[in-house]
Amino acid sequence: MKVSATVDKAVRFISKLVQLTQSGRLEWRSTDHPDAEAGSAALTSEINGQNLRLYRYHKEIENPDYGATFIFSTNLSPKTLIRDGVALAGC
């Protein structure tokens, strides 16, 4: 499957979730975050017999290239990398 087709499918799915939520046909419940170090809360819902979990995450990870210098560059790699985002996953 092409990337653009995958993105289109994801956009349609998220749009449908928004539409169902706004119409009151999909209800979300507050729950614990799956990774207590990366966030504080999550939302769960059920659609067509499938459980969904929606959560935001923030995680700092060690950069394996920290301290490395690269040819033609005077910039050093950062010590940590930050990952921020929103995840929608089956649970």
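Predicted model: local features only at pLDDT ≥ 70, side-chain atom pairs only at ≥ 80, totals over all residues.
Is L88 buried, exposed or partly exposed? L88 is partly exposed, since its relative accessible area is 31%, a value that lies between the 20% limit for buried residues and the 50% limit for exposed ones.

1. Overall make-up. The protein chain holds 1 helix and 4 strands, and, read from the N terminus, these elements follow the order α-β-β-β-β. Of the 91 residues in the chain, 16% are buried. The chain exposes about 7,300 Å², of which carbon and sulfur atoms supply 53%.

2. Contacts along the sequence. When contacts between residues at least 6 apart in sequence are taken as the reference set, 34% of them join residues at least 24 apart.

3. The nonpolar surface patch. L88, which belongs to strand β4 (residues 80-90), forms a nonpolar patch on the surface together with F13, I14 and V18. The accessible area of these residues together comes to about 300 Å². Helix α1 (residues 3-22) gives the patch its largest share, namely 3 residues.

4. Pairing of β2 with β3. These two strands pair in the antiparallel sense, and 6 bridges are found between them. Within this part of the structure, T44 stands opposite R53 of β3.

5. The turn of the hairpin. The hairpin of β2 and β3 has 2 residues between its strands, and N48 is found in the loop between β2 (42-47) and β3 (50-62). The phi angle of N48 is near 50°, which is a positive value in a residue other than glycine. A colleague looking at this position may also wish to note that N48 counts as exposed, because its relative accessibility is 76% and the limit for that class is over 50%.

6. Pairing of β3 with β4. Strands β3 and β4 run antiparallel and are joined by 11 bridges. One of the residues involved is Y55, whose bridge partner in β4 is A87. As a general point for reading such strands, side chains in a regular strand alternate between the two faces of the sheet.

7. A36 has its place in the loop between β1 (29-31) and β2, and A36 counts as exposed because its relative accessibility is 70%.

How values were computed. Residues numbered from 1 in each chain as written. Heavy atoms only, no water. Patch = residues over 30% accessible without salt bridge, like charges linked within 9 Å, V, L, I, M, F, W, Y side chains within 5 Å. Areas by Shrake-Rupley, 256 points an atom, 1.4 Å probe, with all protein chains shown as cover. Salt bridge = Lys/Arg side-chain N within 4 Å of Asp/Glu carboxyl O. Buried < 20%, exposed > 50% of the residue type's maximum accessible area, 1.4 Å probe, protein only. Contact = heavy atoms within 4.5 Å. Pairing = 2+ DSSP bridges.
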